Structures are given as structure tokens and as C-alpha cells.
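Please take a moment to look at the structure below, and then follow the explanation with the sequence at hand.

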Amino acid sequence: MKKLLLLIALLFLNISLGQKIATTYYFIRHAEKVDNSQNPDLSTSGLERAALWNKIFSEVRFDEIYSTEYGRTIQTASPTAAAKNIQIKLYNPKNITIESFKKETLGKKVLIVGHSNTTPKFVNQMINQNIFTDIEDGTFGNLYIVIIIEGEITFQLLKLP
């Protein structure tokens, strides 16, 4: 009986130590806006794109959703947040501490909605490289995916229409 308990304990220990913690980040820019004013809402096309993002993310089990405090980013995140029953967390890209953010989101799947200049910069900080440049004004379909498993970082950019 002791050998059986020891074997079960060792098996459990092996399984728990063998599992690696994966953290996955999905970064998008806000959808199309009505105009170039200070804090515009989404246009009809933007609302449609926000609904499309929700459809694209329908099978992703997000743990958290982050948005800057602008109407267009919140409106872009809202359909997905509502469908997942997740409250949007606001962040300020100027004040984000990357290592703290990584610790807070460890082991989670996270959607982050930002802007044409803040999203690539945030991704670059997460991957510790300076690869991505500002998103062009007319581009709203970039999806950056960053996966971190025990310090190993992989990333990709998908360009959706």
C-alpha cells in the first residue's frame, strides 16, 4: 500500500512539474472611427469590425480584456467582452510596466485593444525586440499574437482584411 501511495505521489509530482505555464496575448488596434476628432466613436464600418473581432475570437477563452480609456478602443473590445462576460480593464500605454503586466497576466489568455502607435510598441516591449512599426492609418485588421511559455517567447502577426 505504501508503494502504491508513493507511486501515485511521484506520478502526481511528475505531472504537475511537467506542465508549463503558457500566457497568450492577442493585440489589436481599435476599429474604424467616425472622424479624426479627439475621442471619436466607431463608424458603422468600425462597429461591424468590432462584431467581426468578436466572431474571430468566439473560440478563445479570454481571462482578461484590456482597452485604453478611449471610446473607440472600448467600443472595439465591447462585443467580445459582452460575449465572454468579462469586464474590460482600462490601461494607459504611457504608464504600463511590462514586467508587472506579465506577472499579473501569467498563465492567462488576454485581449489588448490599443491604437496604431501604442499596439506595435506594446508588442515590441512584450517580445523584447523592436520589430513592429506604427500601423498605417487605413489598416485595422492586424492581429498580433504573443505566446510566452516559461520565458520563451513566440509571436506572429496576422493581417486580416
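This is a predicted model: local features need pLDDT of at least 70, side-chain atom pairs count only at pLDDT 80 or more; totals for chains, interfaces and linings use all residues.

Residues are numbered from 1 along each chain as its sequence is written, and side-chain values use heavy atoms, with hydrogens and water left out.

Begin with strand S4 (109-114), where helices (H or I, at least four residues) and strands (E, at least two) are DSSP runs numbered from the N terminus. S4 pairs with S1 in the parallel sense over six bridges, and two strands count as paired if DSSP finds at least two bridges between them. In S4, valine 110 stands opposite tyrosine 25. S4 also pairs in the parallel sense with strand S2 (residues 64-67), over four bridges, and here tyrosine 66 stands opposite isoleucine 112 of S4. Five of the six residues of S4 are buried, that is, under 20% relative accessible area, with exposed meaning over 50% and partly exposed in between (1.4 Å probe, protein chains only).

In soluble globular proteins, nonpolar side chains tend to be buried together. A nonpolar core is a set of buried Ala, Val, Leu, Ile, Met, Phe, Trp, Tyr and Cys residues joined through side-chain atoms within 4.5 Å. The largest one here has 17 residues, and Tyr25, Phe27, Phe101, Ile112, Phe122, Met126 and Val146 touch the most other members. Strand S1 (22-29), helix H4 (98-104), S4, helix H5 (118-127) and strand S5 (142-149) each supply at least two residues of this core, and H5 gives the most, with four. Apart from this core lies another, of 15 residues, among them Ile65, Ile86, Val113 and Ile145.
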